[in-house]
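Below are some notes on the model, written as numbered points. Please read them with the coordinates open.

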Amino acid sequence: MDASDSPDAGATDASAAAERSHHPDRDRDPDGMLAEQLLRLTRRLHRIQSRQLEPIGITPAQFRLLRTVASYDAAPRMADLAQRLDVVPRAVTTLVDALEASGRVRRAPDPDSRRVVRIEITEEGRATLRSLRNARRAAAEEILAPLTAGQREVLGGLLSALVDGMPERHC
């Protein structure tokens, strides 16, 4: 039995919730406080993930690009990656340079156009992705550890509603 299962857990949770609900800044700007909490959580997750990715020798941005390259059925163009990641093409070039130097991706000529370069994931890149997925799960578990399974389910639903409700951004 953990602390959340004890008979006093509900009372403790209720008093903590009451304290939070009467915080003067939250009363004035609850949406601003929510935004601040999300930003703090995002920074914490980024720090944890960076710490776990460091031994693998990859940054969170490189991990995101590697996952994105792997998600395509056919090798994507640099412009495809920039659009999917919602970044400027120069940012993709820098990430591809680093991943290519480590042997995780390679540039390949497009068979239909000499001017187009495609980005292919290598076997080293696929092996790295497997390691990274484990590190990502460990980072998520560390962040989500204070939550029960039910709370995680509710949080997942809320986050999905926020992500699915976001308007498309166009650069």
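This is a predicted model: local features need pLDDT of at least 70, side-chain atom pairs count only at pLDDT 80 or more; totals for chains, interfaces and linings use all residues.

1. In which helix is the place of V92? V92 belongs to helix 6. With 0% relative accessibility, V92 falls under the 20% cut-off and so counts as buried. Leaving aside residues up to four places away in sequence, V92 is in contact with L65, M78, L81, A82 and V87.

2. Overall layout. The protein chain holds 8 helices and 2 strands. Read from the N terminus, the order of elements is α-α-α-α-α-α-β-β-α-α. Of the 171 residues in the chain, 22% are buried. Among contacts with a separation of 6 or more, 49% join residues 24 or more positions apart.

3. Helix 6 in detail. The 13 residues of helix 6 should span 18 Å at 1.5 Å a residue, and the end C-alpha atoms are 18 Å apart, so the two values agree. The buried residues of this helix are V92, L95, V96 and L99. Viewed down the helix axis, they fall within an arc of 100°, and therefore line one face of helix 6. An α-helix has 3.6 residues a turn, so residues three or four places apart point the same way. R90 and A101 are exposed, on the face of helix 6 turned away from the buried side.

4. On the loop between helix 5 and helix 6 lies D86. Its phi is near 60°, a positive value in a residue other than glycine. D86 counts as partly exposed because its relative accessibility is 28%, between the 20% and 50% limits. Just after helix 6, G103 also has a positive phi, of about 80°.

5. The nonpolar core. Which residues of the largest nonpolar core touch the most other members? They are L65, L66, V92, V96, I119 and L132, out of 20 residues in that core. Two or more residues each come from helix 4 (60–71), helix 5 (78–85), helix 6 (89–101), strand 2 (117–121) and helix 7 (123–144). In soluble globular proteins, nonpolar side chains tend to be buried together. L66 has contacts with I58, L99, R104, V105, I121, G125, T128, L129 and L132, again without residues up to four places away in sequence.

6. Helix 7. This helix has 22 residues, and the distance from its first C-alpha to its last is 32 Å, close to the 32 Å expected at 1.5 Å a residue. Its buried residues are G125, T128, L129, L132, A135, A139 and I143. These residues fall within an arc of 135° when seen down the axis, so they line one face of helix 7. E123 and R137 are exposed on the other side of the helix. Helix 3 (30–53), helix 4 and strand 2 are included in what covers the buried residues.

7. Apart from residues up to four places away in sequence, A135 touches Q52, L53 and I56. A135 and Q52 are 83 residues apart in sequence, while their C-alpha atoms are 5.8 Å apart in space.

8. Helix 8. For the 16 residues of helix 8 (residues 149–164), 1.5 Å a residue gives a span of 22 Å; the end C-alpha atoms are 22 Å apart, so the span agrees. This helix is hardly covered, with a count of 0 buried residues among its 16.

9. Rings and charges. The count of aromatic pairs is 0. Charges over rings do occur: R67 lies over the face of F63, at 4.8 Å from the ring centre. Likewise, the charged end of R84 sits over the ring of Y72, 4.2 Å from its centre.

Conventions. Residues are numbered from 1 along each chain as its sequence is written. Side-chain values use heavy atoms; hydrogens and water are left out. A nonpolar core is a set of buried Ala, Val, Leu, Ile, Met, Phe, Trp, Tyr and Cys residues joined through side-chain atoms within 4.5 Å. Buried means under 20% relative accessible area, exposed over 50%, partly exposed in between (1.4 Å probe, protein chains only). Helices (H or I, at least four residues) and strands (E, at least two) are DSSP runs, numbered from the N terminus. Contact means heavy atoms within 4.5 Å. The expected span of a helix is 1.5 Å times one less than its number of residues. The arc is that of the directions from the helix axis to the C-beta atoms. Rings of Phe, Tyr and Trp (its six-membered ring) pair if their centres lie within 6.5 Å; planes under 30 degrees apart count as stacked, over 60 as edge-to-face and the rest as tilted. A charge sits over a ring if NZ of Lys or CZ of Arg is within 6 Å of the ring centre and within 35 degrees of the ring normal.
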